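Please go through the model below with its sequence at hand.

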Amino acid sequence: MNTENKQPRFAICILEEQTQLTLDDLCHACAIDTQRIIELVDIGVLEPQNREPAEWVFDGSSLQRARKAIKLQRDFDIDLAGAALALELLDEIESLRTRLRAMGGE
Amino acid sequence: MEFKDYYKIMGVARDATQDEIKRSYRKLARKFHPDVSKEPNAEARFKELGEAYEVLKDAEKRAAYDQLGANYKGGQEFRPPPDWNAGFEYSGGGSRGGDGADFSDFFASLFGRDFRAGGAGRTPSQKKGEDHHAKVLIDLEDSYAGATRTITLRVPAVDAQGHVVTKDRVLNVAIPKGIRAGQHIRLSGQGSAGEGKAGDLYLEIEFRPHPLYRIDGRDLYLDLPVTPWEAALGATVKVPTPGGIIELKIPEGSSSGRKLRLKGRGITGDPPGDCYVILTIALPPADTETAKDLYRKMAQELKFNPRAGMGV
């Protein structure tokens, strides 16, 4: 596909709101294999709909959560449970920071 | 090409043990990891650190690097010696791939570009092209009204001579109405070309700081200065909102810090966010005799002690 120059507008969507992902989609977008995604579900980082992995449906926000968890695990050489904990704390810090900014503090 | 002093980047002496290097790497990684750090240049520092660690943690690569000698200083002009690499054999394993993959030209001149390809952990059977991820900065108004923004992405490409070069890629992107900070836009088929389907491009949205509004998800916060008499007696005043100027009724007896909600005046959506107006009372300066007289009159006639609650 030629993507060198300006192009017309694309049909686009907000990932977090209008997208659902299958296990395959998620594996590809995170560049990891299905086993890792299954581990992320087991540990509670990702919460797909439906019971069977073949039928799993993930919401759009899962993609960034999965990518972040994998990156934390790899870059800090920690296990997934540790990465999951870090992810949760980071989420909390982020929402507190946003709050603080909104209230006028910095 | 600039010489990179990996020992300096890692914050260790040239004779540091492997354990010391590992310890220092871990400590600095926690400091500069882009997902964790709030340092302004975290991403660049972390990349540099990953590259330094890639070399120093590996006995073969470290030995080869050490052979360049201690005379080079970081940032100094560098050309690899002609017989460079002779007698070294790299096993090639253990490369981190992923985001650590785009190392500097300096690294590539010493250890090659191919070196990076190993160990990325991708599933080999996939034919779809690689996905790409980037950030875009937009204004609050772009999200409020929707907008088309031209964004330029710098993408590495391989030229006819096999060298890696960066090319600018210009895209016109329609920003969907109501998108919030931290959300992502997916552009299907705008990633790398693959044997089958092309990969996708993901753009993370970040807002530029706004001169008036502070943003929390879909809600906006606005500090609105009012006069003491507007706050005390009540008034109708003009207030800017992203959707245009509106008239806001300040209730009688409002104090500084009072929060008034303009329902549905925040970022577009279903439901839309709210705009919170926070009153701040602005005092008129006592810079004329008339103004001073008015203050003196208030002091005489109003029995008002703002410190009554403190027992003084």
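What follows takes these topics in turn.

## Basis

This is a predicted model: local features need pLDDT of at least 70, side-chain atom pairs count only at pLDDT 80 or more, and totals for chains, interfaces and linings use all residues. Residues are numbered from 1 along each chain as its sequence is written, while chains are lettered from A and ligands numbered from 1 in the order in which they are written.

## Helix packing in chain A

Helix H4 (residues 61-76) and helix H5 (residues 80-102) of chain A cross at roughly 120 degrees, and their axes come within 9 Å. Helices (H or I, at least four residues) and strands (E, at least two) are DSSP runs, numbered from the N terminus. Axes are lines fitted to C-alpha atoms, for helices over the stretch in contact; angles run from 0 to 180 degrees between N-to-C directions. H4(A) and H5(A) are therefore oblique to each other. Angles under 35 degrees count as roughly parallel, over 145 as roughly antiparallel, 65 to 115 as roughly perpendicular and the rest as oblique.

H4(A) contributes A:Arg65, A:Lys68, A:Ala69, A:Leu72 and A:Gln73 to the contact, and H5(A) contributes A:Leu80, A:Ala83, A:Ala84, A:Ala86 and A:Leu87. Residues are in contact if their C-beta atoms, placed from the backbone, lie within 7 Å.

## Nonpolar cores

The largest nonpolar core has 32 residues; A:Leu26, A:Cys30, A:Val45, A:Leu63, A:Ala66, A:Ala69 and A:Leu87 have the most contacts inside it. Such a core is a set of buried Ala, Val, Leu, Ile, Met, Phe, Trp, Tyr and Cys residues joined through C-beta atoms within 7 Å. A residue is buried if 20 or more other C-beta atoms lie within 10 Å of its own, exposed if 12 or fewer, and partly exposed in between. H4(A) gives the most to this core, with five residues.

Another core lies apart from it, with 15 residues, among them B:Tyr144, B:Tyr221, B:Cys275 and B:Val277.

## Chain B

Chain B has eight helices and eleven strands. Of its 312 residues, 22% are buried.

## Backbone details

A cis peptide bond joins B:Asp270 and B:Pro271, with omega about 0 degrees. B:Pro271 sits in the loop between strand S10 (259-262) and strand S11 (275-281) of chain B.

In chain A, A:Ala31 has a positive phi, near 55 degrees. A:Ala31 counts as partly exposed, with 19 C-beta neighbours inside 10 Å. A:Asn50 also has a positive phi, about 75 degrees, although it is not a glycine. A:Asn50 is exposed, with 9 other C-beta atoms within 10 Å.

Notes: Contact = placed C-beta atoms within 7 Å.
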